[in-house]
Amino acid sequence: FFFKQKTAYEILSGLVGSEMCIRDSYGDPKYWDKRYKEQENTTFDWLEDYQSLKTLIKDLVKPENKILVIGCGNAEFSENMYDDGFQNLDNIDISSVVIEQMKSRNSKRKTMKYVVMDACNMAYKDNTYDLAIDKSTIDALLCGEHSFYKVAEMIKETQRVLKPGGCYMAISYGKPENRLFHFQRAHLGFDIVQYSVAPEGEENKDDNS
């Protein structure tokens, strides 16, 4: 299944019901630089943490596989992945402020990289990664100017840097009807599996489509 085509995982959190952008500035790098300066020495994991997603991740890749985290921010997600054995891990973010913070914080995690990079224009070579993880970066872009264009560029770039059979895991608060079509454009080659993360106490669901 995974070796025939690339696969997009659209993981929709049942904990967030709103489709509205809280801030139009979520698509602006200057907003994030200011925010991370003000929140230095803090962490924040958008939507889901590694603990809630590690079973899915372990089903998709092995520890030796190469993983890209798109829009890493100051989350502990990548740190927890690294400590769980996934140490071939690259993180990108458009904010130079948070990248410097994360480099400093993770200086002892020798093989984990943090790089300032625009997800819509990546510097990586084609066919580099086995798994790309987008944890609400799509939501941030959809709150900015030229949102559909930027999302299309990010997904196209992610498909380019993924190896054949590689997976794009997108964790989003958006409803399926407002997200999935971004992955179904004619120039993309994704098989799509939708997986809903239910509120605590309820069972998770997947929907192969």
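The legends below describe close-up views of a predicted model.

Local features are reported at pLDDT of at least 70 and side-chain atom pairs at pLDDT 80 or more, whereas totals for chains, interfaces and linings use all residues. Residues are numbered from 1 along each chain as its sequence is written, and side-chain values use heavy atoms, with hydrogens and water left out.

Figure 1. The chain holds six helices and eight strands, where helices (H or I, at least four residues) and strands (E, at least two) are DSSP runs numbered from the N terminus. From the N terminus on, the order of elements is β-α-α-β-α-β-α-β-β-α-α-β-β-β. Of the 209 residues, 50% count as buried. Buried means under 20% relative accessible area, exposed over 50%, and partly exposed in between (1.4 Å probe, protein chains only).

Figure 2. Two cavities of 30 Å³ or more are found in a search of the whole structure. A cavity is a set of points, on a 1 Å grid over the protein atoms alone, where a 1.4 Å probe fits but cannot get out; lining residues have an atom within 4 Å of a point. Grid points are joined across faces, edges and corners, and a volume is the space filled by probe spheres set on the points. The largest cavity has about 80 Å³ of space. Its lining consists of W46, V69, I70, G71, C72, A75, F77, S78, I133 and K135. Two or more lining residues come from each of β2 (67–70), α3 (77–83) and β5 (129–135). By class, seven lining residues are nonpolar, two polar and one charged. Here Ala, Val, Leu, Ile, Met, Phe, Trp, Tyr, Cys and Pro count as nonpolar, Asp, Glu, Lys and Arg as charged, and the others, Gly among them, as polar.

**Figure 3. The second largest cavity.** About 30 Å³ of space lies in this cavity. W32, R35, Y36, Q39, F44, W46 and N74 line the second largest cavity. Four of these residues are nonpolar, two polar and one charged. W46 also belongs to the lining of the largest cavity.

Figure 4. Side chains of opposite charge can pair when their charged atoms come close. The whole structure has twelve salt bridges, each defined as a side-chain nitrogen of Lys or Arg within 4 Å of a carboxyl oxygen of Asp or Glu. In the pair of R109 and D83, the closest N and O atoms are 2.8 Å apart.

Figure 5. D139 and R179 form a salt bridge, with 2.9 Å between the closest N and O atoms. D139 is in helix α5 (residues 137–141) and R179 in the loop between β6 (162–172) and β7 (190–197), so this pair, 40 residues apart, links distant parts of the chain. Both partners are buried, D139 at 2% relative accessibility and R179 at 3%. D134, in strand β5, is buried yet has no salt bridge. R179 is the nearest side chain of opposite charge to D134, at 8.3 Å; Lys and Arg count as positive and Asp and Glu as negative, while His and the chain ends are not counted. The D134 side chain reaches the backbone nitrogen of T137 at 2.8 Å.

Figure 6. R160 and E157 meet in a salt bridge of 2.9 Å, N to O. Both residues lie in helix α6 (residues 147–161), three residues apart, about one turn of the helix. R160 is partly exposed at 23% relative accessibility, whereas E157 is buried at 9%. D126 joins E157 and R160 in a network of salt bridges.

**Figure 7. C120 in the loop between β4 and β5.** C120 is found in this loop and is buried, with 15% relative accessibility. C120 and E153 are 33 residues apart in sequence, and their C-alpha atoms are 5.0 Å apart in space.

**Figure 8. Two residues with positive phi.** Most residues other than glycine have a negative phi. N41 has a positive phi of about 70°. N41 is in the loop between α1 (29–38) and α2 (50–60) and is exposed at 77% relative accessibility. The phi of N127 is near 60°. N127 is in the loop between β4 and β5 and is partly exposed at 44% relative accessibility.

Conventions
1 Å grid on protein atoms, 1.4 Å probe; cavity = no way out; pocket = protein on both sides within 12 Å on 5 of 7 lines; lining within 4 Å. Polar contact = N/O pair within 3.5 Å; in protein donor to acceptor, adjacent residues only side chain to side chain.
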